[in-house]
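This report is for a reader meeting the structure for the first time. Please look over the sequence and the model before reading on.

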Amino acid sequence: MLLIKYEKHSILSEKKMTNNDIRVRIAPSPTGNLHVGTARTALFNYLFAKNMGGKFILRIEDTDIERSKEEYTQNIYDSLKAMGLQWDEGPDVGGKYGPYKQSDRLDLYNEFAQKLVASGHAYEGWCTQEELEAEKEIAQVEKNPYVYSKKCLTATPEQIETYKKEDRKPILRFKVPDKKVQFNDLVKGNLEFDTSLIGDFAIMKSNGTPTYNFAVVVDDIQMKMSHIIRGEDHISNTARQILIYEAFGAKIPEFAHVGMILAPDRSKLSKRHGATAVSEFIQQGYLPEAFVNFITLLGWSPADGEEIKPLDDIIKAFSIDRISSSPAVFEFDKLNWMNGQYIRHMDVKELTQRVKPYLTKYDLSQYSEEQLNYLVEIVREPLTVLGDITDSVSYFFGENVNIDDEIKSTVIDTPETQQVLPKFIELCETLDFSNVEKIHEQLDEFRQAMKPLKPKQTMWAIRAALTGLTRGADIGSVIYLLGKERVISRVQKAIK
RNA sequence: GCUCCCAUCGUCUAGAGGCCUAGGACACAUCCCUUUCACGGAUGCGGCAGGGGUUCGAAUCCCCUUGGGAGUACCA
C-alpha cells in the first residue's frame, strides 16, 4: 500500500534522465481555433519542459484532411505565442526530428506500418463500413462490448481476390495481443487495461493516411518524446498506444493524464457556453498573462499558495505531482478578477499600448502620449476586460457630453447643483489647469467654501456637468485632462 | 451496454492517518476607507456525496451505493 503511494508521488525515471532527454510536445489538430483545454495542456507541457530544462515541441496533427485548415494552424501559432509559449521545435522553426506536420510525414507512417505487417503485428482489413456497422449492432443487441471480429485476419487468398475485384481498398489493423497493459500514470497512479476489450484497431486508413493512435506513436517514438502530458480523454487510447510501442520494441514514455476542463454545467466546454478559443478571450480583452495564470490554476496549484503568479514564477514552481486528477469547472468570476488584477498592476505605458485597439473610435491625437498614459492610469481601476475602456472614457472626447434625463433631473437641475456651478466657473478663472496637484488642492478648498453643502453634493455637481455621470474617475484628474475651455463650456451648458 | 477515470464550501483548490474546531482564493453579505463607482482593508456566510469497514484515531486507506466525466470510429 505504501509502495503504490510512493510511486504515484514520485517521478522515478526522471532522475535517470539528463535534462536534455526531457522532451514533451503539444500536438493540436488544426480543425478549429486553439481551444482552452488544448491551451492548458500546452501550458502544462511547456511548464514541465522549462522547469526541467527540457524541450517543448509543437507538432501539427493534420491527418484529418477534410477538417484541417491552414487558418486554424495559424490561429494555433498565434494563440500559443500570445500566451508566451514559444516552442523549441515545430513546423515553422524546424528541428532535427522533423517534419513537424503530420501531412508531411505520410511516407514515414507507411514505412512504419509496413514494419508491423512484416513482423506480424498488423494485417489488412477489407471489411466495408456496412459490415462493421452490422457487427457493432449485434454486439449492441446482445449487450456485449464491441470488439472487432478479426475476420479479415483469416481471410483466404480467394476472398481477398474478390475484395480487390470489388475495388475495395484495405485498411491496416493492429493485431492486439491478449494481455494486460499496465502503466504508472504520473497523475492518476497505476492504471491497467485488459486488451480482450480492445478490438484490432485500425492504424492505416484506406486512403493511405494513418489513424490518430498510430501516427501519434510513430511521431512520439521518432521525435524521442520522454513524457506525454495530455487530457484524460486519452487514457484509454494509452493502452492501444503502449501496444504499438511494444510492437516496435520502442521505449515507452511516461504518461500524465490531466483532468478535463468542464463548463459550469459540468459538461464538456463547448461553443454554446461562450468563448472556447484562446483568441476569443484575447479579443474580448483578457490579457494573455492573466489568462495563462488563470488556466494554470485549473488543475494545478503552487506549493506556496500564491495565486497571482507570472509565467516565469510558475515555471520555477511547477511540478507534475501537484497536478490535480479531478476535472475543473471553468467559471468566469475568478478569471475576471484576475484580469482586473493584471490590468491594475501592469506598467501604465504598456497598458496604454494594449488598450489602444479598443480606442479606435476616438481621436486620440488631442492628447499627448503622457496625457494618454495618465488617462489610462485614472480609468484602469474598475476595468475587468480591456474592452470595458471603450465606454468608460467617452466623456474625455468631444466638446460636449451626453447627459441623460435622469441625471439631468436628479442631479443637474437641482438647486444645490445650480448653486455650485456658477461658483465653480469663478474658480476656473484662478485654477491652474496644468497642474493636477494644484487642482486637487483648490478643489479641496472649494469644497470647504461651499459649506454648508455636503462635499458630496459639490463634487457630484461638477462631475455630472463634466461627465454626465455620477460615477467615474477622480474628478480633479478629469478636469486636468479636459482642460480649461471644455470644462468651462460644459459647466456653462449645465447652468440653466 | 461495456471499460476506465473522478468526487473537500456555489467555483478553483490546500490536505500524503493525529498538525483539521478542515486552510486559502473567487463570488456573495455586512462594515471601514472615500468627492462617486471602484480599489483596498476587516468580518461573516459556506464544504469532506451517502453508507459500511480498517484503526486508539479517517477528509486522507479499503469496499459498496450514488452522482459526474471520458472512451468504446477508416475523428483527433
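Predicted model: local features only at pLDDT ≥ 70, side-chain atom pairs only at ≥ 80, totals over all residues.

## A three-stranded sheet

Three strands make up an open, antiparallel sheet, ordered β3-β4-β7. Its edges are β3 (122-125) and β7 (202-204), each of which pairs on one side only. On average, and ignoring direction, neighbouring strands of this sheet are turned by 45 degrees against each other.

Strand β4 (residues 171-174) runs antiparallel to β7 and is joined to β7 by two bridges. Leu-172 stands opposite Met-204 in β7.

## The largest pocket

The largest pocket holds about 950 Å³ of space. It is lined by 32 residues, and those closest to its centre are His-35, Gly-37, Thr-38, Asp-233 and His-234. Two or more lining residues come from each of β1 (23-26), α3 (36-52), α8 (212-222), β8 (227-231) and β10 (261-262). With four residues, α3 gives the most. By class, the lining has 13 nonpolar, 12 polar and seven charged residues.

## The second largest pocket

The second largest pocket has a volume of about 650 Å³. Its lining comprises 25 residues; Gln-129, Leu-132, Ile-171, Arg-173 and Ala-202 are the closest to its centre.

Strands β4 and β7 each supply at least two lining residues, as does α6 (129-141). The largest share, four residues, comes from α6. The lining divides into 12 nonpolar, five polar and eight charged residues.

Methods
Residues numbered from 1 in each chain as written. Chains lettered and ligands numbered in written order. Heavy atoms only, no water. Pairing = 2+ DSSP bridges. Axes fitted to C-alpha atoms, helices over the stretch in contact; angles between N-to-C directions. 1 Å grid on protein atoms, 1.4 Å probe; cavity = no way out; pocket = protein on both sides within 12 Å on 5 of 7 lines; lining within 4 Å. Points joined across faces, edges and corners; volume = space filled by probe spheres on them. Nonpolar A, V, L, I, M, F, W, Y, C, P; charged D, E, K, R; others polar.
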